[in-house]
Amino acid sequence: MKLIIAYIQPHKLNAVKEELYKREIYKMSVTNALGAGQQKGFTEQYRGVITEVNLLKKVRLEIAVNDDYVEPTIEGIIAGARSGKIGDGKIFVLPLEECVRIRTGERGNEAIG
């Protein structure tokens, strides 16, 4: 079992979800995040005040999958999120020690679904 965490551009979320659905990956958690990377932010002026914005809006996806679904999940995220420009995002793959479904008490691969 693996936990896949991806940071992507907010406007790419629907494309990523479509690509994951094509690969039969339906369960995920989505949260808004702020982050800084190679983009380094930008400066803007509002009512005469110049401000530097170095934390940009991102979307964080968390997807727990069985080992057979790791590569299709990564491929789906890349297919939906890639524009070829700086700021497309990152994918992290972490080992998932245990998963427990609260409703039934199932554990491991069966609990992920």
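Helices (H or I, at least four residues) and strands (E, at least two) are DSSP runs, numbered from the N terminus. This is a predicted model, in which local features need pLDDT of at least 70 and side-chain atom pairs count only at pLDDT 80 or more, while totals for chains, interfaces and linings use all residues. Residues are numbered from 1 along each chain as its sequence is written, and side-chain values use heavy atoms, with hydrogens and water left out.

**View 1. Thr 73 in helix α2.** Thr 73 is buried, with a relative accessible area of 0% (buried means under 20%, exposed over 50% and partly exposed in between, with a 1.4 Å probe and protein chains only). Leaving aside residues up to four places away in sequence, Thr 73 touches Ile 4, Leu 20, Ile 25, Ile 63 and Val 65, where contact means heavy atoms within 4.5 Å.

**View 2. The contact of helix α1 with helix α2.** The axes of α1 (residues 13-22) and α2 (residues 70-81) come within 7 Å and cross at roughly 145°, the axes being lines fitted to C-alpha atoms over the stretch in contact and the angles running from 0 to 180 degrees between N-to-C directions. On the α1 side the contact is made by Ala 15, Val 16, Glu 19 and Leu 20, and on the α2 side by Thr 73, Gly 76, Ile 77, Ala 79, Gly 80 and Ala 81.

**View 3. Glu 71 in helix α2.** Glu 71 counts as partly exposed, at 47% relative accessibility. Although Glu 71 and Val 16 are 55 residues apart in sequence, their C-alpha atoms are 14 Å apart in space.
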